[in-house]
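Reader: Hello! I am new to protein structures and would like to learn how to read one. Could we go through it together?

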Amino acid sequence: MRHAPRGGAGLIYTGNCSVDYPRGKDVANQLRVDDMKYCAGLNKLVERVHAYDARIFCQIHQSGNQTTTEHSEGVPLVSPSGVPSPVCKTQPRVMSNQEVWDMIDKFAKAAHWVKVAGFDGIEIFGGHGYIIEQFMSPATNFRHDEFGGSFENRMRFPLEIVKAVRREVGYDFPIDFRISVDEFTDPGYHLEEGVKMCQELERAGVDMLHVSGGYYGSMERTFETPTFPQGDKAYLAEAVKKVVNIPVIAVGNIRTPDVAEDILEKGQADLVALGRTLIADPEWPNKARLGHANTIRRCINCLHCQGDTIHPGLGMRCTVNPLVGYESEYKHILKTNSPKNVMVIGGGPAGMTAAYSAAKKGHHVTIFEQSDTLGGQMKIASVPPYKKIVRHVAEWQIGEMKRCHVTIKTGVKVNPAMIKEFKPDDVILATGSLPSIPPIDGIDRAISSWKLLEGKAKVPTKDVIILGGGETGSEVADMLAQDGHDVTIVDMLPELAMSRERVSRGEFLRRLKKENVKSVMNAVVTKITDDGITYVEKNSGHNGFVAGKSVVIALGQKPVTDLQDTLDEMEVPYQVIGDAFEVRNIASANRMGFDAGQQIQ
């Protein structure tokens, strides 16, 4: 049976599938392709893709040193030279010469099962610092046998894999090779040598090159945090395309159709690959093809899908797309037979998601926001450096509400009388949160971080103390430091910005260090004066003082729930969502909002 095309992607990749279980796993829930018994399940996936007139390649992979014994289920790791990953920091064992040849055989056997399972092609994952790249790189390969030393010897492992895979799958089965052509670190290899590697791979029989860059030692370049512009790796594909005669794929931070089209029109690549872009909006290709780019839900490079979910061992999730990980639950959104009059109070991410979710079921939805514009805290979250991309979340949600015919009322502060007059059948309370103001002596001298971000306050002096080293406080510190202020962060926690995703957090902390932002951690503030703050060190109990004429407070938030008593008295069915329920993040707000809209029957 053939179905109408969905999404619109012409070629789909599985993501990395383990050829060496459990030793080669890099995430807890990784697919396996190391045994015949997995062919049946993989074949179901292939048939499902083919039913929608698309094609699918299986990506085969072994982590080497870029994993942990937690993921490898206690089995010791192996690598070319026993060099630990700078991120995973687990000591691997040096592979013997025979083990190298055995690993080549594992890739070949996996390729055999890939073809048996019915895939349309195979991708050998030779990039991003996994075991194949570890052999290719002078930073991780110090061997003295035929697999180490010279360029030719370092390339022997990937080339032997290509030859072995070709023997297994034949000459009528496409082989794609994903490669990092620049590791972006020293020691390591760079673009010139990476291009030579691609030429060798073409000569070995590879049919297509999937050109990326970086590894775990240059994570922010590999995963593209918000500091990088769209299509920032396209020049790598362009350099490779100039010297090979096989198709070249560009990948990396391609978020909008105009950027993808520009790469193709300039001849930088023959194809473009979309990863997190399609997680955020699986309909991206169809929307691009139909000229509906303005309806695309854009990825915001937050890396929630990677560092916050996949690598810690959880299921896939997305900040901007609440359906990720719940696709089977909401495969079809059924229209209600009894539309209700739904009142959504609060126009932040939770409220807007709840509004369009309920409207998709056929309910009559009105959303109320007390400020003049929608967006809630996303409006101030988009102010710090490199955070403007957050605006896209609110822009898409506003557009989606309009497409779903939600009635939008801004500049309206809802009170009990209004609720009674509206006579709602259901209420969704998404009133958000407000800054916490702890009872610190002299707190009235402090400037609210929210007012600072809203442009309603300014820091009058060069020296500034930030009370609070969470995400908001740290980002305000970054903003002020870039504006020329001398900044010190004071927090009772042991580390800065602990709520940030780990890849972007590392990059962020390096930026704060470069900006000379100082920090005093494990400190409980006791008093704010005209000249600074006094504190007690949590561990030692010692008193301390930090000098600074201006103090900015960013000590968390508290839920706003002042309408709950009214709703209880009226006995109107209601749900409390987002920060009004519990202060979390945009991902949680969107997830709760979508569920709330769907639960209205």
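Author: Gladly! Let us begin with a definition: two strands pair if DSSP finds at least two bridges between them. Please keep in mind that this is a predicted model.

Reader: Which residue in β25 does valine 427 stand opposite?

Author: Here is the general idea: strands of a sheet pair through backbone hydrogen bonds, either parallel or antiparallel. In this model, valine 427 stands opposite tyrosine 574 in β25. Another bridge to β25 sets leucine 429 against valine 576. Strand β14 (residues 426-429) and β25 run parallel and are joined by three bridges.

Reader: How many bridges join β11 to β14?

Author: Four bridges do so, and β11 (residues 341-345) runs parallel to β14. Look for methionine 343, whose bridge partner in β14 is valine 427. Valine 427 therefore turns up in two pairings, with methionine 343 and with tyrosine 574.

Reader: What is the strand order of the open sheet that holds β14?

Author: The order is β13-β12-β11-β14-β25, five strands with parallel pairing. The edges are β13 (407-410) and β25 (574-576); each has a single partner strand, so one side of each lacks a neighbour in the sheet. On average, neighbouring strands here are turned by 15° against each other, direction ignored.

Reader: Are the faces of β14 covered or open?

Author: In a regular strand the side chains alternate between the two faces of the sheet. For β14, both faces are covered: Asp426 and Ile428 on one side are buried, as are Val427 and Leu429 on the other.

Reader: Now for charges. How many salt bridges are there?

Author: The cut-off to remember is a side-chain nitrogen of Lys or Arg within 4 Å of a carboxyl oxygen of Asp or Glu. By that rule the count is 30. Take glutamate 224 and arginine 276, with their closest N and O atoms 2.9 Å apart.

Reader: Are glutamate 224 and arginine 276 buried or exposed?

Author: The cut-off for buried is under 20% relative accessible area. Glutamate 224 has 3% and is buried; arginine 276, at 11%, counts as buried too.

Reader: Which residue meets lysine 549 in a salt bridge?

Author: Aspartate 531 does, at 2.9 Å from N to O. Lysine 549 is in the loop between β22 (543-547) and β23 (550-553), and aspartate 531 in the loop between β20 (523-528) and β21 (532-537), 18 residues apart. Aspartate 531 is partly exposed, with 43% relative accessible area.

Reader: What separates aspartate 595 and arginine 591 in helix α21?

Author: About one helical turn, because they are four residues apart in helix α21 (residues 586-599). Arginine 591 is buried, at 13% relative accessible area. Salt bridges can also share partners, as in the network that joins Asp20, Arg23 and Lys106.

Reader: Which residues make the nonpolar surface patch?

Author: Met492, Leu493, Met498 and Val524 make a patch of about 330 Å². Methionine 498 lies in the loop between β18 (486-490) and α19 (502-514) and is partly exposed, at 44% relative accessible area.

Reader: One last contact, please. What does the side chain of asparagine 141 reach?

Author: The backbone oxygen of phenylalanine 135, at 2.7 Å. Asparagine 141 belongs to the loop between α3 (131-136) and α4 (151-154), and with a relative accessible area of 5% asparagine 141 is buried.

Technical notes
Residues are numbered from 1 along each chain as its sequence is written. This is a predicted model: local features need pLDDT of at least 70, side-chain atom pairs count only at pLDDT 80 or more; totals for chains, interfaces and linings use all residues. Side-chain values use heavy atoms; hydrogens and water are left out. Buried means under 20% relative accessible area, exposed over 50%, partly exposed in between (1.4 Å probe, protein chains only). Patches are made of residues with over 30% relative accessible area and no salt bridge: like charges are joined within 9 Å, nonpolar side chains (Val, Leu, Ile, Met, Phe, Trp, Tyr) within 5 Å. Accessible areas come from the Shrake-Rupley method with a 1.4 Å probe; for residues, only the protein chains shown count as cover. Axes are lines fitted to C-alpha atoms, for helices over the stretch in contact, and angles run from 0 to 180 degrees between N-to-C directions. A polar contact is a pair of N or O atoms within 3.5 Å; within protein, one must be able to donate a hydrogen and the other to accept it, and residues adjacent in sequence count only if both atoms are side-chain atoms.
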